[in-house]
Every structure is written in C-alpha cells, then in structure tokens.
Amino acid sequence: MKLDILAFGAHPDDIELGCGGTLIKHISSGNKVGIIDFTTGDLGTRGSSEIRLNEAQNAANLMGLRIRENLNFKDGFFQNDELHQMEVVRIIREYRPRIVLANAVTDRHPDHKKSSDLVSTACFLAGLPKIETGQKAWRPDVVYHYIQFEEIEPNFVVDITDFMSIKMEAVKAFSSQFF
C-alpha cells in the first residue's frame, strides 16, 4: 500500500503528542497516512507493552489511519545501526511515502534523538538501489521532524484548530500515561 505520509515515533503516543493534529488534518483531506512506532514504550513508568499497544490501536482508529505498526525495537536501547536501519528501509520501501515525519532532531529524551537520526538515515538509504531488500528503491520527497515539548523555533506551523478535539481524543487514548 502506498501512503502519502508516514510518521515514525520512538514510542506509542509520541506522534499523537507531536504531530497528531497535522496527520488528522491531512487524513481529512483524503491523504493516506500511517504510523510506525519503534518500541512499545515498556520502560515508561506507567502502563505495559500490552496496554500501550491497545492504546495505540485505539488512537489509530480515532485518527483514521490506514496502518499502524510497532517494530518492537528494544525501548531505551535501539540504535542507528545497520540492523535497525535495514528494518526502517524495508518499511519505507513497502509504504513508499511522499512525506515522512520523525521525532525532533534535538530532544531531552535520548530515544527521540536516536529515532530522528535513524529515520533520516534510513530515508536516504532506502533510495539507494544497491541496498538489497527485494524491494524497489524509494526515497521520500521530504522528511520533517516534529517538535515535542521543546523550546525550538519551528520552521513552519500547521494550523490544526479544527482538528484539536480529535487530536485530544487520540492523546487521551493513552490513558495509562496519565495520573
């Protein structure tokens, strides 16, 4: 399945918090959108892998996503290395997105920074025909890094006013993460 937009997050709920409204806005315009979570967020203080996977699926349904997958990378310990790069290259080539969204380049959470670097590297590598995956090479047109709780000046802002209620429902789907 070819997607217009594919968003990657280190943990379930990263995307809802960081760019969920933007995705919902694009879905409402007819774009095919998907999310790939790298981990189940099992090192988090609250919730479990099983709970967070169920919450992620509930959020996906609320948002109207075409796909949501979890790569089950080890929370806290995945790296921007060949093993992880090749998995992300396969995903990019499978879904052939025009636009990729990823965690912010700078973030206090080390998994967010690693995720950002991993996605950027894999997007480049996915376009190299000599990297064999049994799939045709594909490079997205653009990779954007969404800002989550940072004091960084954004390059651009997307007005999601009309979609805030759905975004907040999707965020609240992760009820295990709230007191």
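These legends describe close-up views of a predicted model. Local features need pLDDT of at least 70, side-chain atom pairs count only at pLDDT 80 or more, and totals for chains, interfaces and linings use all residues. Residues are numbered from 1 along each chain as its sequence is written, and side-chain values use heavy atoms, with hydrogens and water left out.

**View 1. Strand β1 (residues 5–9) is largely enclosed by the rest of the structure, because five of its five residues are buried.** Buried means under 20% relative accessible area, with a 1.4 Å probe and protein chains only. Ile5, Ala7 and Gly9 point one way. Leu6 and Phe8 point the other way. Strands here are DSSP runs of E, at least two residues; helices are runs of H or I, at least four; both are numbered from the N terminus.

**View 2. β1 pairs with strand β2 (residues 33–37) and with β4.** Two strands pair if DSSP finds at least two bridges between them. β1 and β2 are parallel, with five bridges. β1 and β4 are also parallel, with three bridges. Ala7 stands opposite Ile35 in β2, and its bridge partner in β4 is Leu101.

**View 3. Strand β4 (residues 99–102) runs parallel to strand β5 (residues 142–145).** Four bridges join them. Leu101 stands opposite Tyr144 in β5.

View 4. The backbone nitrogen of Ser176 lies 2.7 Å from a polar atom of the Glu55 side chain.

Key: Polar contact = N/O pair within 3.5 Å; in protein donor to acceptor, adjacent residues only side chain to side chain. Buried < 20%, exposed > 50% of the residue type's maximum accessible area, 1.4 Å probe, protein only.
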